[in-house]
Amino acid sequence: MRAVRARCTAALTVSGLVLALLATGCGAGRPTVIVVEADGPVAEVPASADGPARKGQPLSPQKGSPQEAPERLLVAQGDLLDHKVTVEVHDSAAAGADRPECRELARAVSGFLPQGRAGWARASVVAVASALPDDASEQQKRAAALDAASSTVTVVTLASYPGDAAHGHFVEVQTAGRACEGGYAATENGETVTVTRIVPHAAYGGDEALAYTVEAERDGEPYETELMVVRKGGTLVNFHASRLSGEARLAAPAIEAQVRKLG
């Protein structure tokens, strides 16, 4: 599978928490994801030759179903090598667009997943740099610190939906992508960027998947980012990459680990 790539000179979607992560290099560890949903629904098991009907037995949730808690579906520290996985507790703002038909795409590009969710979780994934030798020079240490401060962050947002809502939301993003290939103006947190072109490319995983390269300009500076959305059953996963400067690449190991975890 080809690596999913994104370049972004000034990423609109970098959250304050991610910036803090980049600046401080806070420690790794399995993320503690907020669990919105607790136990699944109660099923009644019909009477059998072994005895009367039993009540109060939880249904066994299926992969990607709203009954499965998001923390069990979200990529975690133990799923990846040479990457640091950190929980995020803040959702993206719901971005706006000057063309109504582009709204759901603009929101997806910002890492936002639609409301009506039965559960929600998010984690950021950053590659861990190789350790410096004991005799590293001060110049090498400064270069490593600067590189760490501008590392690419792959943000993985996962949400579960009841019924056919996940498929409906997927189709909304797909339809917007087709309608808005010529671009639009997006606004998030009072900041506006001009999207000049939407280019579809190969995606994989789940029951449905899509990916777009988003070419844009902000303050006269061009940049590119990429969006990948995967649906598995009643679960949607949004992937996007952010970097303070230079080229941003979605971490292919994070995508592959997340896709495997969805089943």
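Biologist: What makes up the protein in terms of helices and strands?

Modeller: This is a predicted model, and the protein in it has six helices and 11 strands. A run counts as a helix at four residues or more and as a strand at two or more. Buried residues make up 46% of the 263 residues. The accessible surface comes to about 12,800 Å², and 52% of that belongs to carbon and sulfur atoms.

Biologist: What share of the contacts with a separation of 6 or more comes from residues 24 or more positions apart?

Modeller: Those pairs account for 72% of them.

Biologist: Why is the link between Cys102 and Cys180 called a disulfide?

Modeller: The cut-off is 2.5 Å between the two cysteine sulfur atoms. Here the S to S distance is 2.0 Å, and Cys102 is joined to Cys180. That meets the rule, and the count for the protein is one disulfide.

Biologist: Which parts of the chain does that pair link?

Modeller: Distant ones: Cys102 sits in the loop between strand 4 (96–97) and helix 3 (103–109), while Cys180 sits in the loop between helix 5 (165–179) and strand 7 (184–188). The two are 78 residues apart. Both Cys102 and Cys180 are buried.

Biologist: Why is the disulfide called left-handed?

Modeller: Because the torsion about the S-S bond of Cys102 and Cys180 is about -105 degrees, the disulfide is left-handed.

Biologist: Pro100 is in that stretch too, so to speak. Where is Pro100 found, and how do you know whether Pro100 is buried or exposed?

Modeller: Pro100 is in the loop between strand 4 and helix 3. Exposed means over 50% relative accessible area. Pro100 has 70% relative accessibility, so Pro100 counts as exposed.

Biologist: On to charges. Why is the contact of Asp91 with Arg122 called a salt bridge?

Modeller: Side chains of opposite charge can pair when their charged atoms come close. The limit is 4 Å from nitrogen to carboxyl oxygen, and the side chains of Asp91 and Arg122 come to 3.7 Å, N to O. The pair links distant parts of the chain, with Asp91 in the loop between strand 3 (83–88) and strand 4, and Arg122 in strand 5 (residues 119–127), 31 residues apart. By this rule the protein has 11 salt bridges.

Biologist: What makes Asp91 partly exposed, and what makes Arg122 buried?

Modeller: Buried means under 20%, and partly exposed runs from there to the exposed range over 50%. Asp91 is at 28% relative accessibility, so Asp91 counts as partly exposed. Arg122 is at 2%, so Arg122 counts as buried.

Biologist: How do you know that Glu104 and Arg107 form a salt bridge?

Modeller: The N to O distance is 3.9 Å, against a limit of 4 Å. Both residues lie in helix 3, three residues apart, or about one turn of the helix. Glu104 has a relative accessible area of 15%, so Glu104 is buried.

Biologist: What does the salt bridge of Asp207 and Arg231 tie together?

Modeller: The side chains of Asp207 and Arg231 meet at 3.8 Å, N to O. Asp207 lies in the loop between strand 8 (191–201) and strand 9 (208–218) and Arg231 in strand 10 (residues 221–232), so the pair ties together parts that are 24 residues apart in sequence. Asp207, at 43%, is partly exposed, whereas Arg231, at 13%, is buried. The salt bridges also form a network that links Asp207, Glu208, Arg231 and Lys232.

Biologist: Last one: what makes helix 6 mostly covered?

Modeller: Eight of the 11 residues in helix 6 (residues 252–262) are buried. Among them are Ala252, Ile255, Val259, Lys261 and Leu262. Helix 6 is followed by Gly263, whose phi is positive, near 90 degrees.

Terms used. Residues are numbered from 1 along each chain as its sequence is written. This is a predicted model: local features need pLDDT of at least 70, side-chain atom pairs count only at pLDDT 80 or more; totals for chains, interfaces and linings use all residues. Side-chain values use heavy atoms; hydrogens and water are left out. Buried means under 20% relative accessible area, exposed over 50%, partly exposed in between (1.4 Å probe, protein chains only). Contact means heavy atoms within 4.5 Å. Accessible areas come from the Shrake-Rupley method with a 1.4 Å probe; for residues, only the protein chains shown count as cover.
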